[in-house]
Amino acid sequence: MKSCKKTDYRAVELTGGFWKAKEDLNRDVTMQAVYDRFTESGRIDAFRCDWKEGMDKQPHFFWDSDVVKWMEGAAYCLSRKADAELEKKVEDLIDLIEKNRDENGYFNIYFTVVEPEGRFTKRGHHELYCAGHMMEAAVAYYEATGKRRFLDIAEKYAGYIKSAFMDGTADVKPRFVTPGHQEIELALLRMYRATDNIDWLELAKFFLDSRGANEIEALGRDQYTQSWLPVREQHEAVGHSVRAGYLYTAMADLAFETDDEELKAACRHIWDDIVSAKMYVTGGVGAVPSGEQYGEKFYLPNESSYNETCASISMMLFAHRMNKMELHAKYADVVELEMYNGMMVGLSLSGDAFFYQNVLELEINDLGAGGGKHTTAKRAKIFECSCCPPNLNRTLSSMGQYFYMWDEGDVWVNQFGDSVLSDGGIKVTQKTDYPRSGKVEITADGVRNLRVRVPGWCKSFTASREYVMENGYAVFAGEGEVTVDFGMKPTFIKADDRVRADRGKVCVKYGPVVYCAEGIDNDGALRNLYFDPANPEWEIEACDKCGCMKLSVNGWRKTEAAGDELYSELDAKFEPTRIKLVPYHIFGNREICDMSVYLLYR
């Protein structure tokens, strides 16, 4: 099967519209907000490695990863625009990493100052996860600045990890074989592509081949860390949703690099399991608060949904790798779903507050029900486990990677927004007000075939030139201009009847954007509202604050006589009303109130 060779955020400039505004907000507000909170919490100073027993702010074993993810986001920002102050922050942190690593290149704050005797002994303590995120940050910084120092530090550390886990020649013998929290696998593959050092591909392959296939893990048969079976035998998504997403991303990455058909088949099975039975309409994954993990098929509750922001980002990574490998628009459809919904709900409109958990329904009297430690109707500035804010930093500063793929004169247009792809003799320009409308104007130079994704939500579209359809893409031969219009309109969406929480209910999408009702717009409680799908009479209004549209639609409000009895005779009346809807990703930016994606209908 043909696969695409190039995706590169550095070759893509966002020039306006929805995603340029988010990129700018991240650079101008979110990056500094996260850095400030990490300074206040002790995460930044922890890199000095001078904490001692009895001191405040004991470093946690995942603190390294929080900060180096922020460093990765900073690198992407620097690749777009010089910023001496931001670069100095990164350089100061690199200084501390270089100073406080040991002679083997090992660097981990927790296992240096809190448990120095515990190196490579506690599988669940994120040691290799932190190392992987540092490698990704080092590659990004090298790509942004051309400076090799951080990359050299990361490569030396990777060499030590290889000697300990794969070669057995290090000064320490690990007590586990594969990381309890995956990430280093995809990081090593990225570092391999940046350096052409085959050691990193081989080490990534070692970790993937060993998962669920070694004597230590065979004893536990652990689904939570996806260690219950060898990866090529795994055909369903289980366990912690972020660990799973990073694992599946690495599996697809390795399958692409090595043309491993068995691994590709496993990725396809896992993909189908997620999108057919375990993913919310918003793209959220990981329904179960306990363990932040996947549930059984069709277990998708709304009020207790977990849907960690990082899990949606991991799904973007997995989907992007699958699309690169398979060249099918269905994978880019899921990237888009996460972009506008599952991922974007994690950030406030102000750019300085965050959701960790993303529910699909809130009743204020029940706030906190479901056991999720991050359930809230109001975004927070920081969390005890604050992985999501810097993950948003690095994602929003590298969104261009999701817009285009190209290879041998063919260009795939995967996402829509004002942008320019420029690489060698290829130049592709988009002009659009997407997602407010489905009209996209594209100019292509140096292109043999322009392949424009037709979104899965689009039932019919028009194009200004002849085309043929292939794997969900409209293929236009040669250079020149083309205008496509995907005919965006509001649509009622129902869930499979096996999803118990959504029986008798529907939600609304407008193009790629999922909508919700908030109590502030609908006179309080939402549980008595019913959509009227037979006679909707849509009203559509631009939302300047969010770059999307606001909707209102006909509905009914059920009224009943008030009483104190637990059970009483039915006395319901239905009065016509207008139901106002806003994009799901902007809920919770005003006052605390009820919210629901799904409503009853009649």
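Asp64, Ser65, Val68, Lys69, Met71, Glu72, Ala75, Tyr76, Leu78 and Ser79 in helix H2 meet Tyr129, Cys130, His133, Met134, Glu136, Ala137, Ala140, Tyr141 and Ala144 in helix H5, where contact means heavy atoms within 4.5 Å. Helices (H or I, at least four residues) and strands (E, at least two) are DSSP runs, numbered from the N terminus. This is a predicted model, in which local features need pLDDT of at least 70 and side-chain atom pairs count only at pLDDT 80 or more, while totals for chains, interfaces and linings use all residues. Residues are numbered from 1 along each chain as its sequence is written, and side-chain values use heavy atoms, with hydrogens and water left out.

**Helix H2 and helix H5**

- The axes of H2 (residues 63–80) and H5 (residues 127–145) come within 8 Å and cross at roughly 15 degrees; axes are lines fitted to C-alpha atoms, for helices over the stretch in contact, and angles run from 0 to 180 degrees between N-to-C directions.
- H2 is therefore roughly parallel to H5, given that angles under 35 degrees count as roughly parallel, over 145 as roughly antiparallel, 65 to 115 as roughly perpendicular and the rest as oblique.
- H2 passes H5 in a left-handed crossing, a term used if the near helix is turned anticlockwise from the far one by less than a right angle, with right-handed used if clockwise.

**Helix H2 and helix H3**

- The axes of H2 and H3 (residues 84–100) come within 10 Å and cross at roughly 140 degrees.
- That angle makes H2 oblique to H3, and the crossing of these two helices is left-handed.
- Among the H2 residues that meet H3 are Val67, Trp70, Met71 and Ala74, and their partners include Leu86, Val90, Leu93 and Ile97.
- The contact of H2 with H3 divides into eleven nonpolar, no polar and two charged residues.

**Buried parts**

- The largest nonpolar core has 197 residues, and those with the most contacts inside it are Trp19, Met71, Ile161, Leu450 and Phe486; a nonpolar core is a set of buried Ala, Val, Leu, Ile, Met, Phe, Trp, Tyr and Cys residues joined through side-chain atoms within 4.5 Å.
- A second, separate core of six residues includes Ala329, Ala332, Met405 and Trp412.
- In helix H14 (residues 388–396), nine of nine residues are buried, meaning under 20% relative accessible area, with exposed over 50% and partly exposed in between (1.4 Å probe, protein chains only).
- The buried residues of H14 pack against helix H1 (17–40), H2, H5, helix H10 (241–258) and helix H12 (309–326).
- Leucine 337, in helix H13 (residues 329–342), is buried, with a relative accessible area of 12%.
- Leucine 337 and valine 513 are 176 residues apart in sequence and 7.4 Å apart in space, C-alpha to C-alpha.

**Backbone details**

- Most residues other than glycine have a negative phi, and most peptide bonds are trans.
- The peptide bond from tyrosine 434 to proline 435 is cis, with omega near 10 degrees.
- Proline 435 lies in the loop between strand S6 (426–432) and strand S7 (439–445).
- Glutamine 226, although not a glycine, has a positive phi of about 60 degrees, and counts as buried at 0% relative accessibility.

Conventions: Ala, Val, Leu, Ile, Met, Phe, Trp, Tyr, Cys and Pro count as nonpolar, Asp, Glu, Lys and Arg as charged, and the others, Gly among them, as polar.
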